[in-house]
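The sequence and structure come first.

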Amino acid sequence: MCEYVDNNVCQITQSVCPWRYLCPDTGTWRDNKYMPDDCKVKRDAAVPKGYKRVREERKGWLYIDLGEQTIRVKNPFDHTPLYVRVKQLKSGEYKIRE
């Protein structure tokens, strides 16, 4: 299930998600069995100015695209954000915020 869909509205595009359908038995929105984990809209969304794209979250680490390289930073959030602000400290560590 995509974390950016609320009732059948994509939070990225603010339009109807094509991967959900209205169940006639319960009257609730359900995921299509072919719904991908990362749909094209989520992958191709424009990155806001000053932010970097989060590629994925795995085992408590965020993988963030920084131009030609991808860095790994401990996830301080209780969710996986689409974009974060990244600041490199003098010690070489990266600090992130939403």
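## Basis

Two strands are taken to pair if DSSP finds at least two bridges between them. The strands themselves are DSSP runs of E, at least two residues long, numbered from the N terminus. The model is predicted.

On one side of the pairing, β5 (residues 52-58) runs antiparallel to β6, and 4 bridges join them. Within this pair, V54 stands opposite I64 of β6. With β7, strand β6 also pairs in the antiparallel sense, here over 6 bridges. D65 stands opposite T70, which belongs to β7.

## The two hairpins

β5 and β6 form a hairpin with 2 residues between them. K59 lies in that turn and has a positive phi of about 50°.

The hairpin of β6 and β7 also has 2 residues between its strands. There, G67 takes a positive phi near 65°.

## Residue N75

Where does N75 lie? Its place is in the loop between β7 (69-74) and β8 (83-88). N75 counts as buried because its relative accessibility is 15%, and the cut-off for buried is under 20%.

The side chain of N75 reaches the backbone nitrogen of F77 at 3.0 Å. Leaving aside neighbours within four places in sequence, N75 is in contact with E57, G60, W61 and L62.

Technical notes: Residues numbered from 1 in each chain as written. Predicted model: local features only at pLDDT ≥ 70, side-chain atom pairs only at ≥ 80, totals over all residues. Heavy atoms only, no water. Buried < 20%, exposed > 50% of the residue type's maximum accessible area, 1.4 Å probe, protein only. Polar contact = N/O pair within 3.5 Å; in protein donor to acceptor, adjacent residues only side chain to side chain. Contact = heavy atoms within 4.5 Å.
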